[in-house]
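Hi everyone, thanks for coming. Please have a look at the sequence and the structure on the screen, and then we'll walk through a few spots together.

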There are 2 protein chains.
Amino acid sequence: MPDRLGPPRSEPLIGRLAIIGLGLIGSSIARAVSHLKLAGTLVVSDASPDVRRRLGELGLGDVVADTAAEAAAGADMVILCVPVGACGTVAAEIAGALKPGAIVSDVGSVKGAVVAAVAPHLPAGVHLVPAHPVAGTEHSGPDAGFATLFHNRWSIVTPPDGADPDAVAVTRGLWEAMGAMVEIMTPQHHDLVLAITSHVPHLIAYNIVGTAADLETVTQSEVIKFSAGGFRDFTRIAASDPTMWRDVFLTNKDAVLEMLGRFNEDLAALQRAIRWGDGDALFDLFTRTRAIRRSIIDLGQETAAPDFGRRQGESKDG
Amino acid sequence: MPDRLGPPRSEPLIGRLAIIGLGLIGSSIARAVSHLKLAGTLVVSDASPDVRRRLGELGLGDVVADTAAEAAAGADMVILCVPVGACGTVAAEIAGALKPGAIVSDVGSVKGAVVAAVAPHLPAGVHLVPAHPVAGTEHSGPDAGFATLFHNRWSIVTPPDGADPDAVAVTRGLWEAMGAMVEIMTPQHHDLVLAITSHVPHLIAYNIVGTAADLETVTQSEVIKFSAGGFRDFTRIAASDPTMWRDVFLTNKDAVLEMLGRFNEDLAALQRAIRWGDGDALFDLFTRTRAIRRSIIDLGQETAAPDFGRRQGESKDG
């Protein structure tokens, strides 16, 4: 795999880099940064003693710091890889340790709330440049990460008004070095885009899995047995980290409720088409939606293999 | 691949087998039956001249018949692999050609409506034994099929009241020979189970892809670019065959509307939890849903690889 990332740098991009929170995303950054030698010194820290111990076992990071403040001390860049709801608390913890000119970034799935929670804690001369890598799997924790997670994925950088251009350039450079493509947008627009491409899809996946679990007429064992008909795809998304997703919905409330309102309106129209037997309305929608998948595959954001290539290795035999 | 299916039979299960409709499912049955020599003679037919020509090119079937009636003439078993809404029409076409003792089956995703549409056309002495293999991909047509599609998947057989036990046994035997596991249930119960495990998931996937396509505040190009956040999983399902799915919703209306009603109620509760900031309610649901995926993986109905194994071949490098 590391071949896809390219060779290590001769000169690091960042002198001292601190990653706080070593879950799926944090540990993937740590792996990519180590492999590519993007930092002179990589400091890692996690609030959980078990995770800190595991970091030692995995050999992730040059230094495993006991506290967030210790990790941030003297760092040129600090990346908060904690749930969105914890960013403000961690910012308060590290504020006193940050050196002038340091960049503080994050990886949260919501950006407006992160800016609002983090910015007030940061001393003057420290640059806040939030980012969101649109990548992940349904697995969590320091063992779930991998160095190519961001390869050929978008990372959205959302500098607040008046952000330092050099700090933005360093942040962009770090993501590009890890194989990501970077798009710059405002925190507010980010939150609207992600509400429809990620947050509402997660919400309805969690919801239908919950609905199915609560039925009396159909047993849970039947739901599980016959899930290959479509349901099982939703269970993957509904297996994502509960804390992270709770925070997403609590902190991106307005955009999620706006997009959910539209989803509900459209669903009501489909429900009505079914009730009245309007086959043309159903057929038209079902035809229109095929084109979108084609575009996603063409853009390299998805595999064209049937069934996500789940059955790779099976040939098609006449 | 054919290794997984086991060796060909020395004696066929069925003398003359006719498959009518050679899309994803029909052509997968044809491939499995040919490879395993499950039929003495395999007759295939499709309403589309283009598909019939393609069957010749692919070498699918011993005989390519021009009409459904011609295919059914003299067959010991006829499997209708056409959209649910077409089953009644095809049954009427073949009724006069069916020989006494023949079994008529199908593969539709709705069973009550198929029994209602097909049974009235069948002459006395012909046995109706509907079936539904819970397997598929988002691809359609005779080129999309493969012989192992049913391997380790469930096929639900739904004999109407008073069905001939021998005919049910032959139908069960055919599916088991193709690697499927068979469950017997009433057509009505089948339709309820599939409404929640397949039909409503498809409907909400089609719906959210449609909602996203219609937004003004977020461009279609943004939806496509940032789809890796969750949305792209839904586009796979929303790329399924429009005709087949139109018919599913028109013919399983009552069960779909019932399950959709429950989905909507639950979603309204989630929406309220978001609006009022009830993080505990969100966290509880998001934790509960993880267990269901675990069960599906344990039952062999899903891969445990992260992200469906989309990035197979990448190792995890520390």
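Let's begin with a question: where in chain A is A:D46 found? It sits in a loop, the one between β2 (39–45) and α3 (49–58).

Before we go further, keep in mind that this is a predicted model. Its scores are ipTM 0.89 and pTM 0.90. Chain A has an average pLDDT of 93, and 97% of the residues reach at least 70. One stretch to treat separately is residues 312–318 of chain A, where pLDDT stays under 50.

Back to our aspartate. A:D46 is buried, yet it has no salt bridge. Which side chain of opposite charge is nearest to A:D46? That is A:R52, 6.2 Å away, and a salt bridge needs the two charged groups within 4 Å. What the side chain of A:D46 does reach is the backbone nitrogen of A:L22, at 2.8 Å. Leaving out residues up to four places away in sequence, A:D46 touches A:G21, A:L22, A:V51 and A:R52.

Last stop: A:T287, in helix α13 (residues 279–298) of chain A. We call A:T287 partly exposed because its relative accessible area is 37%, and that label covers values between 20% and 50%. Its C-alpha atom is 25 Å from that of A:L203, 84 residues apart along the chain.

Note on methods. Residues numbered from 1 in each chain as written. Chains lettered and ligands numbered in written order. Predicted model: local features only at pLDDT ≥ 70, side-chain atom pairs only at ≥ 80, totals over all residues. Heavy atoms only, no water. pLDDT = per-residue confidence, 0-100. Contact = heavy atoms within 4.5 Å. Helix = DSSP H or I, 4+ residues; strand = E, 2+ residues; numbered from the N terminus. Buried < 20%, exposed > 50% of the residue type's maximum accessible area, 1.4 Å probe, protein only. Lys, Arg positive; Asp, Glu negative; His and termini not counted. Polar contact = N/O pair within 3.5 Å; in protein donor to acceptor, adjacent residues only side chain to side chain.
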